[in-house]
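Me: I'm new to this one and would like a close look at a single part of it. Could you pick one residue, go through its surroundings, and then connect that to the rest of the chain?

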Amino acid sequence: MKVQDYEARILALIDEMVDTASDDELFASGYLRGHVSLAAADCELEGIDEVASLKARVDTSLSKNASELSPGDQRLVGALWDLLQQQVEKNA
């Protein structure tokens, strides 16, 4: 799977959540969407097409910006990121 495909699947899963998500889940999904999109754009600019690179960039971005979030929100965003990755890989 290519980075663009992986990003598209993650973003589609986020979009599907909108109707049923709690306020916390909507916050986490919106926050995560920005990190995923930025990481995918960086990969594209650098000619990188490995999904592992995208995942590492998202992980790094979330870690570097952790101070933006409360510990509870950090856990929520991290758990959602893990869940979305599992869903994409399960349906790959």
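Reply:
**One residue and its neighbours**

Let's start with Ile-10, which touches Val-36, Trp-81, Leu-84, Gln-85 and Val-88, once residues up to four places away in sequence are set aside. Touching, or contact, means heavy atoms within 4.5 Å. Before going on, a word on where this comes from: it is a predicted model, so local features need pLDDT of at least 70 and side-chain atom pairs count only at pLDDT 80 or more, while totals for chains, interfaces and linings use all residues. Residues are numbered from 1 along each chain as its sequence is written, and side-chain values use heavy atoms, with hydrogens and water left out.

Ile-10 belongs to the largest nonpolar core, a group of 26 residues. Such a core is a set of buried Ala, Val, Leu, Ile, Met, Phe, Trp, Tyr and Cys residues joined through side-chain atoms within 4.5 Å. Those with the most contacts inside it are Ile-10, Leu-32, Leu-54, Val-58 and Trp-81. Helix 1 (3–17), helix 2 (23–45), helix 3 (51–64) and helix 4 (71–90) each give this core at least two residues. In soluble globular proteins, nonpolar side chains tend to be buried together.

One of the partners of Ile-10 is Val-88, a residue of helix 4. Val-88 counts as buried because its relative accessible area is 3%; the cut-offs are under 20% for buried, over 50% for exposed and in between for partly exposed (1.4 Å probe, protein chains only). Beyond its neighbours within four places in sequence, Val-88 is in contact with Met-1, Tyr-6, Arg-9, Ile-10 and Leu-13. Ile-48 is another matter: 40 residues from Val-88 along the chain, its C-alpha atom is 19 Å from that of Val-88.

Ile-48 does turn up beside Val-3, though, which touches Ala-40, Cys-43, Ile-48, Asp-49, Glu-50, Val-51 and Leu-54, again not counting residues up to four places away. Val-3 sits in helix 1, and with 3% relative accessible area it is buried. Ala-52 lies 49 residues from Val-3 along the chain, with 8.7 Å between their C-alpha atoms.

For a contrast, look at two serines. Ser-63, in helix 3, is exposed because its relative accessible area is 56%; its C-alpha is 9.1 Å from that of Gln-74, 11 residues away in sequence. Ser-70 is in the loop between helix 3 and helix 4, and at 35% relative accessibility it counts as partly exposed.

Now step back to the whole protein. Its secondary structure comes to 4 helices and 0 strands, in the order α-α-α-α; helices (H or I, at least four residues) and strands (E, at least two) are DSSP runs, numbered from the N terminus. Of its 92 residues, 36% count as buried. Among contacts with a separation of 6 or more, 71% are between residues 24 or more positions apart. The C-alpha atoms fill a box of roughly 35 × 30 × 20 Å along the principal axes.
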